[in-house]
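This report describes selected features of one protein chain. Please keep the sequence and the coordinates at hand while reading.

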Amino acid sequence: MMRKILIVDDDQKTRTLLKAYLEKNQYEVRLAHNGEAFLAEFQRYSEELSLVILDVMLPDTDGFALCKTVRRKSNVPIIMLTASSDETDRVVGLELGADDYIAKPYSPRELLARIKAIHRRTGIDSAVAPRYYRFVGFTLDTVERTLSDPDGQLVALTGLDYQLLKYFVEHPGDVLDRGVLCEETRGRDVGPLDRSLDVQISKLRLRLNDGGKDPHLIKTVRGIGYVFSADVAASQV
């Protein structure tokens with residue numbers, strides 16, 4: 001499976017360090033120092049990339065704009081790097097389609113762990129993972145990272161929508177607590193007052209036509225978390 005990563009960061013020392021560290025761990029790495037260089041590299045290698053890492057602060061643009069551009073053309077996983085402690089940056093990045101974020105300063109080991117987690121979830125590091133998950137007429141394609149409705153029409157998914165849905169269909173009928181869902185989809189647990197997961201669940205329900213007062217696909221287990229109640233068929237074809 002492809003393990004090629006494209007990184008954009010305006011700090012040369014950071015780029016050099018990450019390239020050396022990731023290549024030591026058997027990844028192929030392409031680098032860009034600004035938005036223009038990133039877009040050129042992305043245009044050239046987009047079909048080969050298994051992941052993109054975007055620094056939010058760049059000299060000629062920002063990571064949010066690049067994230068939007070990437071999502072218009074590709075479903076490749078995206079990790080965003082932010083020096084801001086403001087939750088707004090993280091929320092905006094996830095809403096635009098990023099799969100995860102890391103706050104600076106961070107260690108290369110932490111970044112590697114996040115990369116491996118995303119590759120496990122997306123099947124990059126698992127040759128035997130099913131490609132398709134089918135439930136109540138919907139089809140989730142984990143290679144194309146797309147969802148088709150019962151009429152065969154594509155359903156728009158953000159990166160976080162996809163991660164949540166993929167984890168649900170991999171564990172149908174299991175009661176999944178909030179901590180597990182946050183850890184698997186965002187790489188971290190959240191505090192008891194953080195409602196971002198609940199908001200994202202509500203958005204995913206709407207995409208699945210599962211809204212209203214009595215959802216039938218993603219059910220709330222009060223005080224614990226959620227359960228995906230549909231029958232799911234997983235296959236390679």
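## Basis

The model is predicted.

## The annotated aspartate

An unreviewed UniProt entry places the feature "modified residue: 4-aspartylphosphate" at Asp55. In the model, Asp55 belongs to strand S3, which covers residues 49-55.

Is Asp55 buried or exposed? Its relative accessible area is 2%, and the limit for buried is under 20%, so Asp55 counts as buried. With neighbours within four places in sequence left aside, Asp55 touches Val8, Asp9, Asp10, Gly63, Leu81 and Lys104.

## Cis peptide at Pro105

Lys104, one of the residues in contact with Asp55, is joined to Pro105 by a cis peptide bond. The omega angle of this bond is about -5°. Pro105 sits in the loop that runs between strand S5 (100-103) and H5.

## Packing of H1 and H5

Helix H1 spans residues 12-24 and helix H5 spans residues 108-122. Their axes are 11 Å apart, and the packing angle is about 55°.

On the H1 side, the contact consists of Leu17, Leu18, Tyr21 and Leu22. H5 supplies Pro108, Arg109, Leu111, Leu112 and Ile115. Sorted by class, the contact of H1 with H5 holds eight nonpolar residues and one charged residue, with no polar ones.

## Packing of H5 and H6

H5 also packs with H6: the two axes come within 10 Å and cross at roughly 55°. That angle makes H5 oblique to H6.

Arg120, Arg121 and Thr122 of H5 make the contact with Tyr162, Gln163, Lys166 and Glu170 of H6. By class, the contact of H5 with H6 has four charged, two polar and one nonpolar residues.

## Packing of H6 and H8

Helix H6 (residues 159-170) has a further partner in helix H8 (residues 196-207). How are H6 and H8 oriented to each other? Their axes cross at roughly 80° and come within 10 Å. Angles from 65 to 115 degrees count as roughly perpendicular, and H6 and H8 are therefore roughly perpendicular to each other.

In this pair, Leu160, Asp161, Leu164, Leu165 and Phe168 of H6 meet Leu197, Gln200, Ile201, Leu204 and Arg207 of H8. The class count for the contact of H6 with H8 is seven nonpolar, one polar and two charged residues.

## Positive phi angles and an exposed arginine

Val136 is not a glycine, yet has a positive phi of about 35°. Val136 is located in the loop between strand S6 (132-135) and strand S7 (138-141). Asn209, likewise not a glycine, has a positive phi of about 55°. The loop holding Asn209 lies between H8 and strand S11 (218-221). Asn209 is exposed, at 61% relative accessible area.

Arg72 is part of helix H3, residues 63-73. With a relative accessibility of 63%, Arg72 counts as exposed. Although Arg72 and Gly97 are 25 residues apart along the chain, their C-alpha atoms are separated by 9.8 Å.

Conventions: Residues are numbered from 1 along each chain as its sequence is written. This is a predicted model: local features need pLDDT of at least 70, side-chain atom pairs count only at pLDDT 80 or more; totals for chains, interfaces and linings use all residues. Side-chain values use heavy atoms; hydrogens and water are left out. Axes are lines fitted to C-alpha atoms, for helices over the stretch in contact, and angles run from 0 to 180 degrees between N-to-C directions. Helices (H or I, at least four residues) and strands (E, at least two) are DSSP runs, numbered from the N terminus. Contact means heavy atoms within 4.5 Å. Ala, Val, Leu, Ile, Met, Phe, Trp, Tyr, Cys and Pro count as nonpolar, Asp, Glu, Lys and Arg as charged, and the others, Gly among them, as polar. UniProt positions are given in the numbering used here, feature names are shortened, and annotations may be inferred rather than shown by experiment. Buried means under 20% relative accessible area, exposed over 50%, partly exposed in between (1.4 Å probe, protein chains only). Angles under 35 degrees count as roughly parallel, over 145 as roughly antiparallel, 65 to 115 as roughly perpendicular and the rest as oblique.
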